[in-house]
Amino acid sequence: MPEPTSSDTNEELNPARQVPPENVGALNRDQLTPAAAAGPPGHDVPGHAHAPAADTTPDKHAGHHHPASKLVGDKGGVGEDEHTGHDHGPPGANPYLGPGVSLGLLLGGLALDYYDADFFTGYVRLLWYGVAFLLVGWQVMKAAVLSIPSRNIFNEFLLMSIATLGAFAIGEYPEGVAVMLFYTVGELFQDAAVNRAKRSIKALLEIQATEVTVIRNGQLLVLDPRQVVVGDTIEVKPGEKVALDGTLTKGPASFNTAALTGESVPQTKQTGETVLAGMVNLASLIQVAVTADYQDTKLARILAMVQDAVGRKAKTQQFITRFAKVYTPVVVALAVLLVLAPYFLVDDYVFRTWLYRALVFLVVSCPCALVISIPLGYFGGIGAASKAGILFKGSNFLDVMRELDTVVLDKTGTLTQGVFAVQQVQPAPGLAAAQLLRLVGALETKSTHPIAKAVVLYVGAAASGVSVENVEEISGHGMRGKVDGQDVLAGSAQLLTRFSVGYPSEVDQVTDSIVVAAIDGTYAGYLTVADAPREDAARTVRELRADGITKIVMLSGDKNSITQRVARELGIDEAHGGLLPEDKARYVQQYKDAGRKLAFVGDGVNDAPVVALADVGIAMGGLGAAATIETADVVIQTDHPSKIVTARRIARATHTVVWQNIWLAFIVKGIVLALGAGGLATMWEAVFADVGVALLAILNAVRIQRMDYSTAADRPRRRAA
């Protein structure tokens, strides 16, 4: 038996077609399939119709209807979901109205049948149940018909249509309505999952500057970045984003590079050094000589990589559809054989009797319990994950999560807190630490640099009331000023060198970010500022190994020396620092080429391309960048990396429950099919058995949400609480 995968609901989350960033949100009907374009505006009838128009392969399966606007931006735009299916009504319509009315009519009809109402016979009864049936069955039958041109004839929609219409043909109206209603409810569950899981890469576009100031012939022109050519000089004011890659011609200057590197420590660039689009100028007015066109900037390449990586995502084919391609024609053939074969085998052959049995056989064979048991199991897993603060954007990612053998993690904001704090205070001999902190903290109150803010936060009230005068910010180096009448320098070691202040050689060996101080021209000590590991980071690494992950890698845009130190602290064997987004993507692609099934965990905008490229992209939701969260397959909403282990446990439990439901459905279905073929089971018994199996499947799926997925380290805290 093939490995079950998720429902077609979640295959929507892996589209492959590439949509240029400037065209996100602007698809026209010509970019959809012919069938979609033929439908009413804003609809992709006959189904998802996410495949390119030229793709007419027979391997299509039915799905749900979604408005065309939802086709844009789901991990890269319109993709390779090769669905043709049914919708649940026009846009804005309540999808639960039809099934709700159908259920009411069914229950009312059953009551009238039970009490033998005089008027409830003949055409009145047929019309009553016919309306109830059409409210839920019309779209399924429509999907069965529309799947014929794509040569996907034998699917679950055709089988359910034949079986339920067969029930009506022999007068078993309630059974036909019940089977179709039950299936439609399962479809609505899937639609609800789609609505929760939709996402867009549009957030990435907000990083790009929409206008740029260009110096041409001595004049300042405000232009669209696409109009700027290589060789132009652009001017960037403090707080503005750099729109294009180039060389700094008027510096030095400090930049927030988080959009590219994911690191919160500003970088200082000197005249002649490279500046990249997406960096934010923090202080002075600067000029940049453009060296790359708009479409060739690093930031534009990040956007392109997100979409390209999405296109390389492996798409999991829906298990029930594969099964139906074999099961449906076999069942139809057996039903025909059940009508015709007895003519040659029995003496008292009565066509109507054997036709009745064949129709009963078809009703019994409807794979309703099987169809619903699979998505119900996955929905149970998604629900359990949500309770644990983990959002799966598709149940197919539960499948992949269980199969992982490699986890690649970003450092800043993922394994570390993403917030700088003073780690060490080392005063010079003869100077009290409190005095060093008071003077340096007072001076740093005049700076907006993230490291300065960390120092001020650490010093606290000790720096209040201290006189600070003649403050000068030496760009890229630090601060200078008079504090309580003393000349104080606070910044990098280069700052002390600039003012001819000697310092111990050990200062140059410090790997963390460092604030070196001098008082009245004499070295006074230093403070180290670093991003501390998350409380559960080391435990996460240990538990991932214990959980079967054979390779754990850390990739970071931070300095390699810091990256290696954090890796040693957390017990990670392989780590690489000083990486740009394309470097991270290159490493991930190498691991994939080696046949590894991997997840990438990140939080920054720069992580978005790698998150999309990985088999499972995981975003840290609480502090993570919106673009990465939108691109990810799984979002850890609590920012605890240990939730990766929890997610794998939920994935394994879901897999077990899904297979339990499948075998339960197969066994019961086989028994009832045999009884139906022998004339020992009526359609009510068949429907009862099918509903019973489905109810058991529901209870089994609910059980997923009641299981304990806490890690060993969590349990003592729970018991103590």
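Reader: Is Phe120 buried or exposed?
Author: This is a predicted model, and what follows is computed from it. The cut-off for burial is under 20% relative accessible area. Phe120 has 3% relative accessibility, so Phe120 counts as buried.

Reader: Which residue forms an edge-to-face aromatic pair with Phe120?
Author: Eleven aromatic pairs are counted. In one of them the planes stand at 70°, and over 60 degrees counts as edge-to-face. The centres of that pair are 6.2 Å apart, and the partner of Phe120 is Phe119.

Reader: Where is the kink in helix H4 centred?
Author: Helix H4 spans residues 122-146 and has a kink of about 55°. The kink is centred on Gly137.

Reader: Which residue meets Arg125 in a salt bridge?
Author: Side chains of opposite charge can pair when their charged atoms come close. Arg125 in helix H4 is linked to a residue of helix H3 (residues 97-114), twelve residues apart. The distance from N to O is 2.9 Å, and the partner is Asp113.

Reader: Which residue does Lys592 meet in a salt bridge, and how many residues apart are they?
Author: There are 17 salt bridges by count. Lys592 meets Asp615 at 3.9 Å, N to O, and 4 Å is the limit for a salt bridge. Asp615 counts as buried at 14% relative accessibility. Lys592 lies in helix H20 and Asp615 in the loop between helix H21 and strand S21, 23 residues apart.

Reader: Which residue is linked with Arg402 and Glu403 in a network of salt bridges?
Author: A salt bridge needs a side-chain nitrogen of Lys or Arg and a carboxyl oxygen of Asp or Glu. Glu403 carries the carboxyl side here, and the network holds Arg402 together with Lys597.

Reader: Why is strand S17 largely enclosed by the rest of the structure?
Author: Strand S17 covers residues 522-533. Strand S12 pairs with S17 in the antiparallel sense over eight bridges, and strand S16 is joined to S17 by seven bridges, also antiparallel. S17 is largely enclosed because ten of its twelve residues are buried.

Reader: Which residues of S17 are the bridge partners of Val422 and Val516?
Author: Strands of a sheet pair through backbone hydrogen bonds, either parallel or antiparallel. Strand S12 (residues 416-427) pairs with S17, as does strand S16 (residues 513-519). The partner of Val422 is Val529, and that of Val516 is Tyr526.

Reader: Which residue in the hairpin of S16 and S17 takes a positive phi?
Author: The hairpin has two residues between the strands. The phi in question is near 50°, and the residue is Asp520.

Reader: Which are the edge strands of the open sheet of six strands?
Author: The order is S2-S1-S3-S9-S4-S7, with antiparallel pairing. An edge strand here pairs on one side only, which gives S2 (219-223) and S7 (274-275).

How values were computed:
Residues numbered from 1 in each chain as written. Predicted model: local features only at pLDDT ≥ 70, side-chain atom pairs only at ≥ 80, totals over all residues. Heavy atoms only, no water. Buried < 20%, exposed > 50% of the residue type's maximum accessible area, 1.4 Å probe, protein only. Helix = DSSP H or I, 4+ residues; strand = E, 2+ residues; numbered from the N terminus. Pairing = 2+ DSSP bridges. Bend = angle between axes of the 7 residues up to and from the residue. Phe/Tyr/Trp six-rings, centres within 6.5 Å; stacked < 30°, edge-to-face > 60°.
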